[in-house]
Amino acid sequence: MVRWFFAFTVALALVVRLNGAAAAPLSTADTLRQAPTADDEKDKDAKDADSAKKKADDEPKKDDAKKKDEAAKDKPADDKKAADEKKSEEKKDAAKEEPKKDDKAKDEKASDEKKAEAKPSADKKPGKEEKKKPDTVKVKKKDLKIEVETEAVFIAKESEEVALRPEVWSQFKVLEAVPHGTRVHKGDVLVKFDDKDINEAIEDKELSSHLGEVTLMEAEEEFPRLEKSIDLNYEQAQREFDQAKDEYERFQKTMRSMSEKMANYFLKSAEQDYENAKEELDQLEKMYKADEMTEETEEIVLKRQKFQVEAAKFFVDYTKISHDYTLDVSIPRREKSLQTAVDLAKIEFERAKMAKSLGLNKERYELESLREARQRSVENNSKLRADKALMELKAPIDGIAYFGKAVNGRWIEVGSLEAKLTPFGTVSPNSVVYTIVKDRPMYAEMSIGEKEF
């Protein structure tokens, strides 16, 4: 009921406002301000459409409220529950109505702003100058250029270094050299070194190489004979050692005792012969004395027998001396000699054994050492001959000859090489002596700081 009354009041106010506006006289400014425009007509149509929509939405609600009121009249007044439900429904309807009122106010405000923008000339006072509009500039796409001044170096795209890199030779004395900045052609001599010392060194190396070759050949030929000789010496030493041991063992087992027995036997035999001869002499003398007769024959017999006794006595003395010598000297000496022979044979045998195992290997190693020395001599001679080719450094390409090498386009070794690349100057091995540069094409190399980037 309240919503319906509110809507009716708003509609009545609009009608009164329109009627009053039509009856009141308007000034020129008011006429311009109130003059309807196309936008005003559109806003008005939009407002009318919103009012009609809102009215259509409110009609069912009004009917529902009316029905609820009629139903409330029929119910008893003390029905508290029904009254509470009614109040709750009214609060809900009021809450739904508030956003719609706010939306309506916002729409009216936006419509007024559009009207004001559409009619700027109507709000201006007569005689006031209009503001000048700013110029319109069309944006075009162009490159953004940033110019930075910096130092640059021109560098040739094609260049080649001439380096002095010998294998073994280290003395390079300059005889003549091309000046810095000279234009040269491929094959031209850039620098010539003194080759006297290297030629003498090559001759000495060749002589030493020939001697080494002869020594190696001799060792190669001698090695098989040496190997055979070592084997024979080993066998001979082993044989002599075995013989010495057998001789000593035989002496100890047999010959020692036999020598002692023989010495004893000779002494005993000599003593027995002496006893026999003396006994026979005694018998003859007794027999001849008994006859008391002495004949010439008897004297002869007695004389002979006396001599035999003397000979037997001498032989006994000699045999006794020989016996003592054999037992005290000869046999111990023989034993010692045999023992020494065994020891010596053993030493020789061990030496031969070592020569066969280690000595032969030593000879092999010495032979291998000679082979390696010969190989090194040949290689050094070959390297020395290769270094001789460096006594003349030639240009590898056409271009301009500069001293040393370039580092980032700058020739930092020119000063030091100017003093070296003169007659009797000395150049160090493993260095770049020249760089041949082609003057076309070239490029510029520069350095730009991070802040310029």
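## Aromatic pairs

Across the whole structure, a search finds six aromatic pairs, where rings of Phe, Tyr and Trp (its six-membered ring) pair if their centres lie within 6.5 Å, with planes under 30 degrees apart counting as stacked, over 60 as edge-to-face and the rest as tilted. One of these, formed by Tyr 265 and Phe 266, is tilted, at 6.2 Å centre to centre and 50° between the planes. Tyr 265 is exposed, with a relative accessible area of 54%, and Phe 266 is partly exposed at 43%; buried here means under 20% relative accessible area, exposed over 50%, and partly exposed in between (1.4 Å probe, protein chains only).

The pair of Tyr 402 and Trp 411 is stacked, because the ring centres are 4.8 Å apart and the planes stand at 15°. Tyr 402 is partly exposed, with a relative accessible area of 22%, and Trp 411 also counts as partly exposed, at 27% relative accessibility. Elsewhere, ring pairs link Tyr 234, Phe 241 and Phe 349 into a cluster.

## Basis of the model

This is a predicted model, in which local features need pLDDT of at least 70 and side-chain atom pairs count only at pLDDT 80 or more, whereas totals for chains, interfaces and linings use all residues. Residues are numbered from 1 along each chain as its sequence is written, and side-chain values use heavy atoms, with hydrogens and water left out.

The protein chain holds eight helices and 11 strands, taken as DSSP runs numbered from the N terminus (helices H or I, at least four residues; strands E, at least two). Of its 453 residues, 19% count as buried. Among the contacts in the protein chain with a separation of 6 or more, 84% come from residues 24 or more positions apart, a contact being heavy atoms within 4.5 Å.

## Strand pairing

Four strands make up an open sheet in the order S2-S10-S7-S4, with antiparallel pairing; two strands pair if DSSP finds at least two bridges between them. S2 and strand S4 (182-184) are the edge strands, each pairing on one side only. Direction ignored, neighbouring strands of this sheet are turned by 35° against each other on average, with axes fitted as lines to C-alpha atoms (for helices over the stretch in contact) and angles running from 0 to 180 degrees between N-to-C directions. S4 and S7 run antiparallel and are joined by three bridges, and Val 184 has Gly 399 in S7 as its bridge partner.

Strand S5 (residues 189-193) is joined to strand S3 (residues 174-177) by three bridges, in an antiparallel arrangement, and Ala 177 stands opposite Val 191 in S5. S5 also pairs with strand S6 (residues 392-394) in the antiparallel sense over three bridges, where Val 191 stands opposite Leu 393 in S6.

## Nonpolar cores

The largest nonpolar core has 28 residues, of which Leu 164, Leu 190, Phe 193, Leu 393, Leu 421 and Tyr 434 touch the most other members; such a core is a set of buried Ala, Val, Leu, Ile, Met, Phe, Trp, Tyr and Cys residues joined through side-chain atoms within 4.5 Å. Two or more residues of this core come from each of strand S2 (159-164), S5, helix H6 (196-291), strand S7 (399-403), helix H8 (414-420) and S10. Apart from this core lies another, of nine residues, among them Ala 270, Val 309, Ala 312 and Val 316.

Leaving aside neighbours within four places in sequence, Leu 164 is in contact with residues including Phe 172, Phe 193, Leu 390, Leu 393, Val 427 and Val 433.

## Two buried polar residues

Thr 435, found in strand S10 (residues 431-437), counts as buried at 4% relative accessibility. A polar atom of the Thr 435 side chain lies 2.6 Å from the backbone oxygen of Gly 404. Setting aside neighbours within four places in sequence, Thr 435 is in contact with residues including Ser 159, Glu 160, Ile 400, Tyr 402, Gly 404 and Trp 411.

His 323, in helix H7 (residues 296-388), is buried, with a relative accessible area of 10%. The side chain of His 323 makes a polar contact with the side chain of Asp 324, at 3.3 Å; a polar contact is a pair of N or O atoms within 3.5 Å, where within protein one must be able to donate a hydrogen and the other to accept it, and residues adjacent in sequence count only if both atoms are side-chain atoms. Not counting residues up to four places away in sequence, His 323 touches Ala 263, Asn 264 and Leu 267.
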